[in-house]
Amino acid sequence: MKNTQNKTSGRKRLHRKRRRRKLIRLFLIFILVFLIATTIILGLFVAGHIYRTYFNKADIVLDAGHGGKDPGANAVDAFEKDITLKITQMTRKILEDAGYKVSMTRTEDTFIELPERSSYANRKRADIFVSIHCNSTEDGLGKGIETYYTEQKGKSSENLANEIQDALVEHTNAENREVRTADYTVIVETNMPSALVEVGFLTDSEERRLLQQEKYQKKLAEGIAEGIINYYSLEK
């Protein structure tokens, strides 16, 4: 009887050991599956971020109008080439912070021929080209914001111009001079949807004062960037 009890007790202990080992194996398998799943999920998240940042965003070229020996429009102590460069740099930062790839035809006070600006964007195979300018009139009566596209480019350029114009007016509350057509070199000779923005008149004393203020320049940059992002979302 005693031997039988010992055998029964031994079998129970062996059964318990096997059961514990089985539970441990199941636990280890669970941990392993959990780690693999977590790694896959994190990998997909990182891959998605990289894709959105580097592959699924437009390659944008921004063109700060004039520069170097070409001051552009000017009045009193305000020069177009300086103001456009500041606005373009701000626009670039906003777009890059949003994950877009952005380059500029000029990053300092240098002179670049008009055809070279278009050629630069074409060499970059950009998705979007936007040239930023300040306006002027001989009689000093002009006021407000207007954006141009060339009809040669078709609907995409028109859409780009409309989105930028709408966003600029919304951000600044400036007078809306609407979207217009013109055959400016930089928007004709580029191979991608293109727009040319006139952000205000230096010959108007009120707008000149605003255009020289960093706060207002930032509003303009935000409007241009928002218009580009809205356009890109629309085209997708």
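In which helix is the place of K22? In this predicted model, K22 is found in helix α1, which spans residues 2–55. On the surface, K22 gathers with R16, R18, R20, R21 and R25 in a patch of positive charge. A nonpolar patch is likewise present on the surface, formed by I24, F27, L28, F30, I31, F34 and L35, and these residues together have about 720 Å² of accessible area. Of the residues in this nonpolar patch, which includes F27, the position of F27 can be assigned to helix α1, the helix that also holds K22.

Among the contributors to the lining of the largest pocket, β5 gives the most, with three residues.

Charged side chains are also paired within the structure, which holds nine salt bridges. One of these is formed between E96 and R92, whose closest N and O atoms are 3.1 Å apart. Both E96 and R92 belong to helix α2 (residues 80–97), where a spacing of four residues, about one turn of the helix, separates them.

Terms used:
Residues are numbered from 1 along each chain as its sequence is written. This is a predicted model: local features need pLDDT of at least 70, side-chain atom pairs count only at pLDDT 80 or more; totals for chains, interfaces and linings use all residues. Side-chain values use heavy atoms; hydrogens and water are left out. Patches are made of residues with over 30% relative accessible area and no salt bridge: like charges are joined within 9 Å, nonpolar side chains (Val, Leu, Ile, Met, Phe, Trp, Tyr) within 5 Å. Accessible areas come from the Shrake-Rupley method with a 1.4 Å probe; for residues, only the protein chains shown count as cover. A salt bridge is a side-chain nitrogen of Lys or Arg within 4 Å of a carboxyl oxygen of Asp or Glu. Lys and Arg count as positive and Asp and Glu as negative; His and the chain ends are not counted. The place of a charge is taken as NZ of Lys, CZ of Arg, CG of Asp or CD of Glu. Helices (H or I, at least four residues) and strands (E, at least two) are DSSP runs, numbered from the N terminus.
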